[in-house]
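Please open the structure in a viewer and keep the selection tool at hand.

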Amino acid sequence: MKSEDTPFEGGPMDGRVLPVLLGMTGHPPKTYRIPVPDPHGGPPTVLVYRREPRAAGRPVGLTRRWKYVHDPAGERPGGRLRWPWSKPHTTPGRKSGDSGG
């Protein structure tokens, strides 16, 4: 398998460069999760990093260079996967004429 040295920005991994396995398309995964064990034996903390382009502008050669940026919230942008056949996400709310009681 191919790997690429990918820099990490922000969070505890700031400034580190790790070899990240590339997928079939030649890109690293969009999200990189790092489980950190709890020193007291509790559940591990998971650090979440999101893939972003390394430099704005044209990609170098045929491969695009990437970096991972720390996501402290650890959630997907938008909150859930979006599929073309999915219903739109609506939040239940109160109607303007609803008195709430």
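Select Phe 8 first: with a relative accessible area of 2%, this residue is buried (buried means under 20%, exposed over 50%, partly exposed in between, with a 1.4 Å probe and protein chains only). The model is predicted, so local features need pLDDT of at least 70 and side-chain atom pairs pLDDT 80 or more, while totals for chains, interfaces and linings use all residues. Residues are numbered from 1 along each chain as its sequence is written, and side-chain values use heavy atoms, leaving out hydrogens and water.

Next, display the aromatic rings; the whole structure holds 4 aromatic pairs (rings of Phe, Tyr and Trp, the last by its six-membered ring, pair if their centres lie within 6.5 Å; planes under 30 degrees apart are stacked, over 60 edge-to-face, the rest tilted). Phe 8 and Tyr 32 form an edge-to-face pair, 5.4 Å centre to centre with 65° between the planes. Phe 8 belongs to strand E1 (residues 3–9) and Tyr 32 to strand E3, 24 residues apart (strands are DSSP runs of E, at least two residues, numbered from the N terminus).

Is Tyr 32 buried or partly exposed? At 22% relative accessibility, Tyr 32 is partly exposed. Its ring also pairs with that of Tyr 68, in a tilted arrangement with centres 5.4 Å apart and planes at 45°. Tyr 68, in strand E5, is buried at 0% relative accessibility. Now select Phe 8, Tyr 32, Tyr 49 and Tyr 68 together: they form one aromatic cluster.

Finally, select Arg 51 and Trp 66. Arg 51 lies over the face of Trp 66, 4.1 Å from the ring centre (the criterion is NZ of Lys or CZ of Arg within 6 Å of the ring centre and within 35 degrees of the ring normal).

Note on methods: Helices (H or I, at least four residues) and strands (E, at least two) are DSSP runs, numbered from the N terminus.
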